[in-house]
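Subject: Structure handover, with notes on helix packing and the sheet

Dear colleague,

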Amino acid sequence: MQFDRLKRRKFITLLGGAAAWPLAARAQQAERVRRIGVLTAYSESDPEAQARVGAFREGLQKLGWTECRNIRTDARWATSDSALMQRFAEELVALQPELILSSSRPTTAALLHQTRTIPIIFAIVADPVGSGFVASFPRPGGNVTGFTDIQPTIAGKWLELLKEIAPRVARVAFLFNPVTAPHFEYYLNPFKAAAASFAVEAIAAPVRDRSDLNSVIAAQARAPNGGLIVMPDAFIVTHRAEITLLAARYRLPAVYSYRIFTDAGGLLSYGSDLVDNFRRAAAYADRILKEAKPSELPVQAPVKFELVINLKTATALGLDVPWFLQQRADEVIE
């Protein structure tokens, strides 16, 4: 009788242990480290780039993904060097991550040259359909999805704001880099249409490298009543300090797409909050890590916009910023 009780107790113990095996296996699987790649078109020393990637990591942490515990992030900082982007894209794809965060149009193009299977989330692409990255906003259709920054109609708003802060402007140059922003007509055409309605001469001002910046901006200042609109682009953002300095040197009122330009001394900026785009990208990364497919995640438009005015720069340019414009601003730098 005692022998039977011992055998029964041993059987129950073994049964309980067997039941625990799947639970232990599931716990171990839940804590396995998932790999995420990050490819940016900026320098690692750029505070804005660090803020954007930091917002993505912070968003992941809020969703339960902690570095070294259940995720590992491999970041590559390519600046606006296209050859470096291609090399880093190849490196990241070779690591076989479960998804890759792409900062911009050039980095997304570089990644797609290397893979059509690894999920890619872009944080900032102006025209993902025209760029051939997705089939449509609601149904991306491939291994790519993400977030846009601003719609082309905003080019008319930039010109309107320039006329409000500098009413005498009659000639406006539109600054862009056709190499890093081959989609420039996406903004240039609406800008030209708006210029006609404001009776302003529209001037296309392409720059292909850093050496072009001084000559192009200086040319716009040779005649009176000139102004400048600076298109969003990875190259332009990388050289924002030099561009705002040149605009100040040649006393050109200028409107920019992002607040990082007004923080750097630019006159006025109006555009989406790009750090917020990176923060929102974390939610898509979370869904992909939980088996969602990029083709099922619609491309999303920005939800936060900022109007920022630098009064110090306005004073230096001899501009009197209208009170109504200051009241509309999200921030006025004094």
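The crossing of helices H7 and H9 is right-handed, a crossing being right-handed if the near helix is turned clockwise from the far one by less than a right angle, and left-handed if anticlockwise. Helix H7 covers residues 210–221 and helix H9 residues 240–249, and they pack at an angle of about 20 degrees with their axes 10 Å apart; axes are lines fitted to C-alpha atoms, for helices over the stretch in contact, and angles run from 0 to 180 degrees between N-to-C directions. H7 and H9 are therefore roughly parallel to each other, the word being used for angles under 35 degrees. Arg-210, Leu-213, Asn-214 and Ile-217 of H7 meet Glu-242, Ile-243, Leu-246, Ala-247 and Arg-249 of H9, where contact means heavy atoms within 4.5 Å. The residues of this contact divide into five nonpolar, one polar and three charged, with Ala, Val, Leu, Ile, Met, Phe, Trp, Tyr, Cys and Pro counted as nonpolar, Asp, Glu, Lys and Arg as charged, and the others, Gly among them, as polar.

Please bear in mind that this is a predicted model, in which local features need pLDDT of at least 70 and side-chain atom pairs count only at pLDDT 80 or more, while totals for chains, interfaces and linings use all residues. Residues are numbered from 1 along each chain as its sequence is written, and side-chain values use heavy atoms, with hydrogens and water left out. Helices (H or I, at least four residues) and strands (E, at least two) are DSSP runs, numbered from the N terminus.

Among the residues that make the contact are Ala-51, Ala-55 and Phe-56 of H2 and Phe-278, Ala-281 and Ala-285 of H11, and the residues of the contact divide into eleven nonpolar, one polar and three charged.

Turning to the strands, there is an open sheet of seven strands with mixed pairing, in the order E7-E6-E8-E9-E10-E11-E12, and two strands pair if DSSP finds at least two bridges between them. E7 and E12 (331–333) stand at the edges, each with a single partner strand, so one side of each is left without a neighbour in the sheet. The twist averages 20 degrees from one strand to the next.

Strand E6 (residues 171–176) pairs with E8 in the parallel sense over five bridges, with Leu-175 and Val-230 as bridge partners, and E6 also pairs in the parallel sense with E7 (residues 201–206), over six bridges. What is the cover of E8 (residues 226–230) like? E8 is mostly covered, five of its five residues being buried, that is, under 20% relative accessible area, with over 50% called exposed and values in between partly exposed (1.4 Å probe, protein chains only). Gly-226, Leu-228 and Val-230 point one way from E8, whereas Gly-227 and Ile-229 point the other way. E6 is likewise mostly covered, with six of its six residues buried.

Strands E9 and E10 (residues 268–272) pair in the parallel sense over two bridges, and Val-255 has Leu-268 of E10 as its bridge partner. H9 packs on the sheet, touching E6, E8 and E9, and its direction makes about 160 degrees with that of E9.

With best wishes

Terms used:
Parallel < 35°, antiparallel > 145°, perpendicular 65-115°, else oblique.
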